[in-house]
Amino acid sequence: MPKLGMEPIRREALVRATIAELGAAGTLDVTVSQIARRAGVSSALAHHYFGGKDQIFLAAMRRILTDFGAEVRRELRVARPQARAKAIVRACFAGSSFTPEAVGAWMCFYVMAQTNAQALRLWQIYHLRLRSNLIHALRPVCSAPEAAADTLGALIDGLYIRAALDPGLSPAQAERQALTVLETLCRGKQA
């Protein structure tokens, strides 16, 4: 069995440190030096592995999206076929998406996507995958699955931002609101 080199370990440490720094700072004004210090490596090594701050941020967001995808798959594995849309909504409002680190990374990601083509492309992939999963889940339970998926996707994003920023709205409350809208969108059929 081949020996695991230091590069994957250090890359992982840098990605985790980036997520932690974004969560602590809540802004993109995090330096590579801060990230490297938290990861226990030199900033030169961070630049060597990623090339620059934007690439480290994108790697961190890919990790957040990978973790989110795993959450969706866990929810879908236990969902009845008629409840797949509910499972996706539950995954969107899972506790893992509301840690200070995850919230900080998502908020910075939305800002970064406005000016960085790679971040925008990553957001588009996330958006299209969420839409596709929702359409597939809504087909058996909704007469207009594409329109319902678009509405539900926009609602999920909006409620996520509200739940992240408004201490009066918990993720569980946001999830209940999204599930209520889901029921309305699929009225007459079981969601």
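Accessible areas here come from the Shrake-Rupley method with a 1.4 Å probe. On that basis, the protein chain has an accessible surface of about 10100 Å², and carbon and sulfur atoms account for 55% of that surface. The model is a predicted one.

## Overall fold

The protein chain contains nine helices and zero strands. Its pattern along the sequence reads α-α-α-α-α-α-α-α-α. Taken along the principal axes, the C-alpha atoms fill a box of roughly 60 × 45 × 30 Å.

Of the 191 residues in the protein chain, 44% are buried. When contacts between residues at least 6 apart in sequence are considered, 62% of them join residues at least 24 apart.

## Helix α5 and its cover

Helix α5 spans residues 84–92, and its buried residues are A85, A87, I88, V89, A91 and C92. The cover over these buried residues includes α4 (53–78), α7 (117–138), α8 (145–165) and α9 (171–185).

One of these covering helices, α7, has an axis that comes within 7 Å of the axis of α5, and the two cross at roughly 145°. On the α5 side, the contact is made by R84, A85, I88 and C92; on the α7 side, it is made by L130, N133, L134, H136, A137 and L138. Sorted by class, the residues in this contact are seven nonpolar, two polar and one charged.

Leaving aside residues up to four places away in sequence, E75 touches A87, R90 and A91. Of these, A87 and A91 are listed among the buried residues of α5.

## D29 in a loop

D29 lies in the loop between α1 (6–25) and α2 (32–39). With a relative accessible area of 64%, D29 is exposed, since exposed means over 50%.

D29 and C108 are 79 residues apart along the chain, and their C-alpha atoms are separated by 9.6 Å.

Methods: Residues are numbered from 1 along each chain as its sequence is written. This is a predicted model: local features need pLDDT of at least 70, side-chain atom pairs count only at pLDDT 80 or more; totals for chains, interfaces and linings use all residues. Side-chain values use heavy atoms; hydrogens and water are left out. Buried means under 20% relative accessible area, exposed over 50%, partly exposed in between (1.4 Å probe, protein chains only). Helices (H or I, at least four residues) and strands (E, at least two) are DSSP runs, numbered from the N terminus. Contact means heavy atoms within 4.5 Å. Axes are lines fitted to C-alpha atoms, for helices over the stretch in contact, and angles run from 0 to 180 degrees between N-to-C directions. Ala, Val, Leu, Ile, Met, Phe, Trp, Tyr, Cys and Pro count as nonpolar, Asp, Glu, Lys and Arg as charged, and the others, Gly among them, as polar.
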